[in-house]
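I am opening this notebook to keep track of what I look up in a structure that is new to me. The entries go from the overall fold to single residues.

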Amino acid sequence: MPDALHLRSALQVKHAVTSSVELETDKVIFTLLKVGNLLKSSLGEAGLDIISNNLRDSSKPFDPMTPGRRVQGAYAFCDVRKFTDATECLEEEVLKFVNAIAELVHGAAVATGGAPNKNVGDAFLCVWRSSAAEAAAARARVSYADRALSAAAAVLRDVRVSERL
């Protein structure tokens with residue numbers, strides 16, 4: 001099954017080469033890509049794996065209790081201090097505040113090889129997975145735990161200097 005990035009880039013090339021006319025199938029594919037990104041944002045990487053595994057075999061019914069797999073990695077949980085006070089002060093602007101923090105947290109995670117896993121209100125969970133290749137080459141480069149700490153330090157620094165926060 002091709003992944004979303006390959007489908008998106010293939011469609012962009014096709015549109016650049018052919019014309020500005022959008023095909024209905026292209027709109028359906030783009031919509032499905034958006035739904036997939038929303039699922040990843042809301043369910044996290046683990047939830048996306050469950051959805052993907054269920055979609056691969058359309059002959060079977062959807063099974064949300066698909067067995068998981070053990071993952072070794074570093075996990076960072078970021079919680080906004082005094083969030084209740086902030087919501088009372090910011091009122092309808094609180095979503096912009098949370099989105100600004102999410103941008104910093106997600107950006108730091110991705111920049112250091114991690115992945116945002118789940119957002120729940122004022123809390124963010126990110127993960128840096130260890131791979132077999134990384135374990136073998138651990139001495140030659142920075143470990144997943146070091147990358148997680150680096151991202152946490154970057155978030156703290158960026159929050160301190162941000163004019164929006």
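The entries below record what I looked up, beginning with the ground rules.

**Ground rules.** I note that this is a predicted model, in which local features need pLDDT of at least 70 and side-chain atom pairs count only at pLDDT 80 or more, while totals for chains, interfaces and linings use all residues. Residues are numbered from 1 along each chain as its sequence is written, and side-chain values use heavy atoms, with hydrogens and water left out.

**Overall fold.** I looked up the secondary structure and found 6 helices and 3 strands, where helices (H or I, at least four residues) and strands (E, at least two) are DSSP runs numbered from the N terminus. Along the sequence they follow the pattern α-α-β-α-α-β-β-α-α. Of the 165 residues in the protein, 25% are buried; buried means under 20% relative accessible area, exposed over 50%, and partly exposed in between, with a 1.4 Å probe and protein chains only. I also noted that residues 24 or more positions apart account for 49% of the contacts with a separation of 6 or more, a contact being heavy atoms within 4.5 Å.

**Helix 4 against helix 6.** I then turned to helix 4 (94-111) and helix 6 (144-161). Their axes lie 9 Å apart and they pack at an angle of about 145°; axes are lines fitted to C-alpha atoms, for helices over the stretch in contact, and angles run from 0 to 180 degrees between N-to-C directions. Leu104, Val105, Ala108 and Ala109 in helix 4 meet Ala151, Ala154, Val155, Asp158 and Val159 in helix 6. By class, this contact has 8 nonpolar, no polar and 1 charged residues, with Ala, Val, Leu, Ile, Met, Phe, Trp, Tyr, Cys and Pro counted as nonpolar, Asp, Glu, Lys and Arg as charged, and the others, Gly among them, as polar.

Which way does phi point at Lys82, positive or negative? I found a positive phi of about 55° at Lys82, although this residue is not a glycine. Most residues other than glycine have a negative phi. Lys82 is found in the loop between strand 1 (73-79) and helix 3 (83-90), and I count Lys82 as exposed because its relative accessibility is 66%. Glu91, also not a glycine, has a positive phi of about 50°. Glu91 is found in the loop between helix 3 and helix 4, and its relative accessible area of 52% is why I list Glu91 as exposed.

**Phe83.** Is Phe83 buried or exposed? Phe83, in helix 3, counts as buried because its relative accessibility is 18%. Not counting residues up to four places away in sequence, Phe83 touches Val94, Phe97, Val98 and Asp122. I noted that Phe83 and Asp122 are 39 residues apart in sequence and 6.8 Å apart in space, C-alpha to C-alpha.

**Pro116.** I placed Pro116 in strand 2 (residues 115-120) and recorded it as partly exposed, because its relative accessible area is 21%. Leaving aside neighbours within four places in sequence, Pro116 is in contact with His106, Ala109, Val110, Leu125 and Cys126. Pro116 and Ala102 are 14 residues apart in sequence and 9.2 Å apart in space, C-alpha to C-alpha.
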